[in-house]
Structures are given as C-alpha cells and as structure tokens.
Amino acid sequence: KAFFNKKKYLEQNLNTPIKLMLELLQKELFNSTYFDIPVLKSPIDFWIYMEIIYQIQPDLIIEIGNFHGGSTLALAHILNNIGKGRVVGVDISHDVVAQKVRAHPGITLITGDACSVFPQVKSLVKEHETVLIIEDSAHTYQNTFNVLTTYSPLVSKGSYFIVEDSNCHHGIEIGPVPGPYEAIERFISENKDFLIDRTKERFIITSNPKGYLRRIS
C-alpha cells in the first residue's frame with residue numbers, strides 16, 4: 001500500500017525528487033521479467049543496450065552475472081534480430097537459469113568465478129570479432145575492478161564495457177561501499193584505452209552512472 005501511495009504522489013507532484021524515483025525503480029526491478037524469466041535490470045538502461053548493440057553490431061556479447069538468464073535471453077534475441085552474434089553467459093552458478101535460456105543455440109554458459117574462467121571465455125573469442133561486455137556480478141569494489149582489469153583487453157575498439165549497478169550509494173543507498181562506481185573511477189584513471197561515455201545516460205535515470213565505458217584505442 002505504501003508503494004502505491006508513493007506512485008500516486010508521483011502522479012500528482014511533478015517536482016518529485018529523482019532520489020525517490022530511483023528508489024521506486026529499484027524496487028520494481030525485482031518484478032521485471034523477459035519471456036516470464038526474471039531479469040533484474042533497468043528497462044531504461046536496457047533500451048540503451050539495444051541502441052549500442054545495433055550501433056556496434058557485436059559478434060559476441062559477454063554477460064558476466066546471469067541469475068535466471070532473462071537478460072541473457074533478451075540479448076540473444078536482439079542479436080537474432082540483427083542477424084549475427086552470440087552470447088556467452090558467465091556466473092558463479094547457473095543452477096536457476098531457465099530452460100528457455102539453456103535451449104537457445106546462440107547462448108553458451110560458463111560456470112565459475114569470472115576471473116578464474118577467463119581463459120575459457122577468451123578461447124571463445126575469434127580473431128577480429130567485435131566484443132561487447134556487460135558486468136553484473138558481485139558488486140564489491142575489488143571484484144568489479146578485477147573483472148574490469150581482466151576482461152577489458154577483450155573489448156573491441158569502439159565497443160563498450162558496461163558496468164552495472166554503479167548507483168550503489170550514488171543514487172540509492174544499497175550495496176557495498178566502496179563499490180562499482182569507485183572501481184570504475186580507479187580503472188579509468190589507470191587505463192587510457194577507455195573513456196566514460198555519459199551520453200549513454202541521457203535518460204537521466206540510470207542504474208549505471210559512469211558505467212558506460214567505451215574503448216577508444
């Protein structure tokens with residue numbers, strides 16, 4: 001009831017603080033699905049993902065952190081629609097991944113700690129392929145930084161390394177401190193091959209502030 005009262009408040013007050021809107025969006029993410037499979041991603045950010053995918057036409061999307069696989073399947077369907085590409089899903093466990101996801105011929109699941117299974121993931125990348133990476137695993141500072149450092153060489157020039165949930169304590173008061181936001185800042189300060197593309201935050205409300213990293217060299 002309290003939640004719906006807040007929604008009514010939003011309808012009647014156009015000067016509602018963005019902070020309240022972020023809190024409401026975060027709660028609703030836990031109800032989001034794709035083909036009836038849980039997703040747990042912002043639909044606002046996922047629209048940006050669709051634009052990026054069409055723009056760069058990736059041959060391979062590496063999604064680190066899959067949960068039930070709703071977003072993994074959505075990414076595979078987008079690639080189906082542009083007529084090319086496949087998805088590699090990496091997670092510490094795939095026990096709850098839906099059968100629809102496992103059955104898709106364009107999806108390969110690799111189970112294990114992302115940095116530990118990196119050699120296996122790298123072996124699936126073919127020469128001259130365009131690679132896009134989405135990081136959505138454990139949102140601790142060290143894990144995020146380790147994944148960025150380990151996987152960044154796979155990202156193609158002009159493509160993106162997207163780091164999710166950098167809004168932890170940078171928009172909503174949840175998650176580890178420090179977290180992805182701070183890991184991104186350190187990575188960018190030490191790696192001049194990437195820049196933060198804030199044009200991908202043009203809808204203002206995002207779960208990934210400073211999280212759209214474009215490879216420039």
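In which helix is the place of Ile 18? In this predicted model, Ile 18 lies in helix α2, which comprises residues 18-29. With a relative accessibility of 43%, Ile 18 is classed as partly exposed, because that class lies between the buried limit of under 20% and the exposed limit of over 50%. Together with Met 21 and Ile 204, Ile 18 forms a nonpolar surface patch of about 270 Å².

The chain as a whole contains 8 helices and 9 strands. Its radius of gyration is 17 Å, close to the 17 Å that the globule rule gives for 217 residues, so the chain is as compact as a globular protein of that length. The C-alpha trace spans about 55 × 40 × 30 Å along its principal axes. Of the contacts between residues at least 6 apart in sequence, 67% join residues at least 24 apart. Buried residues account for 49% of the 217 residues. The accessible surface of the chain amounts to about 10600 Å², and carbon and sulfur atoms contribute 56% of this area.

A buried position is provided by Ser 166, whose relative accessible area is 0%. Ser 166 is located in the loop that runs between β7 (160-163) and α8 (180-190). When residues up to four places away in sequence are not counted, Ser 166 touches Pro 180, Tyr 181 and Ile 184, as well as Ser 207, Asn 208, Pro 209 and Gly 211.

How values were computed
Residues are numbered from 1 along each chain as its sequence is written. This is a predicted model: local features need pLDDT of at least 70, side-chain atom pairs count only at pLDDT 80 or more; totals for chains, interfaces and linings use all residues. Side-chain values use heavy atoms; hydrogens and water are left out. Patches are made of residues with over 30% relative accessible area and no salt bridge: like charges are joined within 9 Å, nonpolar side chains (Val, Leu, Ile, Met, Phe, Trp, Tyr) within 5 Å. Accessible areas come from the Shrake-Rupley method with a 1.4 Å probe; for residues, only the protein chains shown count as cover. A salt bridge is a side-chain nitrogen of Lys or Arg within 4 Å of a carboxyl oxygen of Asp or Glu. Helices (H or I, at least four residues) and strands (E, at least two) are DSSP runs, numbered from the N terminus. Buried means under 20% relative accessible area, exposed over 50%, partly exposed in between (1.4 Å probe, protein chains only). The radius of gyration is taken over C-alpha atoms; the globule rule is 2.2 Å times the number of residues to the power 0.38. Contact means heavy atoms within 4.5 Å.
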